Amino acid sequence: MAITVTIRTNSTGNAEPELKTLEPILKVENVWKLYHAGKVEVPALRGVNFEVLPGESVAVMGPSGCGKSSLLYVIGGLAKASRGKVLVDGNDLVAMSDAERTKLRRHKIGFVFQRFNLLPALSAKGNIAIAQYIHGDGFDPHRFEVVTKMLGLDGRLEHRPSEMSGGEQQRVAIARAIINEPKILLADEPTGNLDTKNSEIVLEMLRRLNKDLGQTIVMITHNPEATTYFDRVVHMRDGVIVDGVPAD
Amino acid sequence: MMGQFVFRNLFHRPLRTLIGVVAIAVEVTLVIVVVGLTSGMLQETAKRIEGIGADIMVQAPSAQIFIVMSGSPMPIKIGEKIHDLKYVQYVSPAFLQFNTSGGVETIWGIDPASFRDVSNGFVFHEGHDLQGRDDMLVDDWQARAKHVKLGDTYTLLNHDWKVVGIVEHGKAGRIFVPITTLQELVGGRDKATIFLVRCTRPEHTPDVIGEIKELLPNYPVRPVKEFMTLMTSTNIPALQTFINSMIALAVSIGLLVIFLSMYTTVLERTRDIGVLKSLGASKFLIIRALLAETTLLCLLGIFTGIGLSYVVRAGFLKLFPTLSILITAGWILRAALIAIVGALIGASYPAWQASRKDAVEALSYD
């Protein structure tokens, strides 16, 4: 089902309102993901339909094993859907080769993981800078300064992950994920390994990223309280989305 | 950034890095020292042969050019036939015996009178020439290495010799005894390993060589002046095989250790590889990062190995002062290249495996 959202905006110097159409930045159409356990096919996603608009923040909730992580990996191009269409900024990930998906990920997707997944040999600065290096535009000191200041990482940049708290590590991971201004930020249980205080800090930062910078965010969570920081909540069960799909 | 990443990864696990560096260093040292030892021995032997002062050397048909290990005696009467040739001034037979008991040395059995004619005699530090059947001469290096003094008894081949002279090094061997006594001791009566020939004038050397070849077909006849250029491992098939085997062994050590090291590195860094993939790192970038790390590890090993080679050489020379270990820039470079190629081959499979890892599986790896 194709969805078009229209909103009214005022153009500068024009008294008449105009209609502007927003195309989804992410569109998932009838996506299936099958895993193989020996000769048995195990479906993790069973025809998921799902859309996210630019600048939207969406929380995906559901019980363990319902397919949330699989959905995130498929959306992020880390795994290939078995069937269906995954359109990220108009590019169909299902039709792409592994190398093409890698390139798309490099330029359009940012990931934040539950276990932070920082590179242990590098400092906080190195962990963020390596994303810029992989992106290919080299180190951008201005962007680096803006992002690290916003996430409150000044003074911790020379520390290694083993020398930082969980909350600090997750902020470094967020900085790494957004340093290249991705179209979509995908967060997989980003507060799952944090205490309440650090969880709130991280969630607040994600909200600020969304509200202040217009960063599109899709987050997977178990925590109902975490969803209050997001525009929209989508529930999943048994590999399908059971509500939260925007209406026509 | 890539340099920093590679550098930091290398030192993140210092023990692993140390083991890798030591393995490469051993590989490089093995190549440099083995080649240096053989080249040094060959060159040193060649220098001493040239130092005799003869013009031509004649050997038995099946003899090796590396005469110190040669065991192909000829009838000593051949010397008389050579002496009868035109332009031949002197001929001196020598019987060589390779001895490995109590050290590695070649005993030169010489006829003192004819050897003196051919070589213009020894320069004596102490003592006098061979006179009695049990007399022995040693050169100054051998005397220093074995703490031998004039008048000492020197036991070799289960025989007690009396050191009657200490001579300047650089002429033929390091130990000289009367040829007849040595022939009797090893059962080589009336035999000679080589004939040293002196021509009436040096420019007659090619003519005399031609005549000897006509007289003794199949007998290797060589101008002594060319001996240095001929004494290379490539002219001694067994030695070249030995060197190749040692190089192969050294490369195997380096290759296997690097393979194991990088294999465990890839396993240990599975999650990191998943992270790099999630950031959009290409397969090529992951391979490049691991191979760059291997190269850096290898360079550290090479520099350590070069240093270690000099330490090993110093140790060897302290223990065995008569040894000669020739460390050349050419072989240092070759050893370095061998180490780098071996290490890159060893690392290529783990690197390729890393690049092919499934990102989702890698990210969930514990």
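View 1. Helix 2 of chain B passes helix 11 of chain B in a right-handed crossing (a crossing is right-handed if the near helix is turned clockwise from the far one by less than a right angle, and left-handed if anticlockwise). Helices (H or I, at least four residues) and strands (E, at least two) are DSSP runs, numbered from the N terminus.

Please keep in mind that this is a predicted model: local features need pLDDT of at least 70, side-chain atom pairs count only at pLDDT 80 or more, and totals for chains, interfaces and linings use all residues. Residues are numbered from 1 along each chain as its sequence is written, while chains are lettered from A and ligands numbered from 1 in the order in which they are written.

**View 2. Residues of helix 2 of chain B meet residues of helix 11 of chain B.** From helix 2, the residues in contact include Gly20(B), Ile24(B), Val28(B) and Gly36(B). Helix 11 contributes, among others, Leu297(B), Gly301(B), Ile306(B) and Arg313(B). Contact here requires that the C-beta atoms of two residues, placed from the backbone, lie within 7 Å. Sorted by class, this contact has 14 nonpolar, 8 polar and 2 charged residues (Ala, Val, Leu, Ile, Met, Phe, Trp, Tyr, Cys and Pro count as nonpolar, Asp, Glu, Lys and Arg as charged, and the others, Gly among them, as polar).

**View 3. Helix 1 of chain B also crosses helix 11 of chain B.** Helix 11 spans residues 283-319, and its axis and that of helix 1 come within 9 Å, crossing at roughly 60°. That angle makes helix 1 of chain B oblique to helix 11 of chain B. The crossing is right-handed. On helix 1, Met2(B), Phe5(B) and Leu10(B) are among the residues that meet helix 11, where the partners include Ala289(B), Glu293(B) and Leu296(B). This contact has 9 nonpolar, 1 polar and 1 charged residues.

**View 4. Chain B touches chain A.** Here 19 residues of chain B are in contact with 22 residues of chain A. Helix 1 (2-12), helix 10 (270-278) and helix 13 (359-363) of chain B each supply at least two residues of the chain B side. Helix 1 of chain B gives the largest share of that side, 6 residues. By class, the chain B side has 10 nonpolar, 6 polar and 3 charged residues.

**View 5. Chain B is assigned two domains, domain 1 (2-42 + 238-363) and domain 2 (61-219).** These bounds come from an automatic or database domain assignment. The C-alpha centres of the two domains lie 46 Å apart. Their contact takes 5 residues from domain 1 of chain B and 6 residues from domain 2 of chain B. The domain 1 side divides into 4 nonpolar, 1 polar and no charged residues.

**View 6. Four strands of chain A form an open antiparallel sheet in the order 4-3-6-7.** Strand 4 (40-52) and strand 7 stand at the edges with a single partner strand each, so one side of each is left without a neighbour in the sheet. Two strands pair if DSSP finds at least two bridges between them. Strand 3 (residues 26-37) and strand 6 (residues 83-88) of chain A are joined by 5 bridges, with Val28(A) opposite Val86(A). Strand 6 and strand 7 (residues 91-92) of chain A share 2 bridges: Val88(A) partners Asn91(A), and Leu87(A) stands opposite Asp92(A). In the hairpin of strands 6 and 7 of chain A, with 2 residues between the strands, Asp89(A) takes a positive phi near 50°.

**View 7. An open sheet of 6 strands in chain A has the order 8-9-10-5-11-12, with mixed pairing.** At its edges are strand 8 (109-112) and strand 12 (240-243) of chain A, each pairing on one side only. Neighbouring strands of this sheet are turned by 25° against each other on average, direction ignored. Within the sheet, strand 9 (residues 184-188) and strand 10 (residues 216-221) of chain A run parallel, joined by 5 bridges. Leu186(A) has Val218(A) as its bridge partner in strand 10 of chain A.

Technical notes:
Axes fitted to C-alpha atoms, helices over the stretch in contact; angles between N-to-C directions. Parallel < 35°, antiparallel > 145°, perpendicular 65-115°, else oblique.
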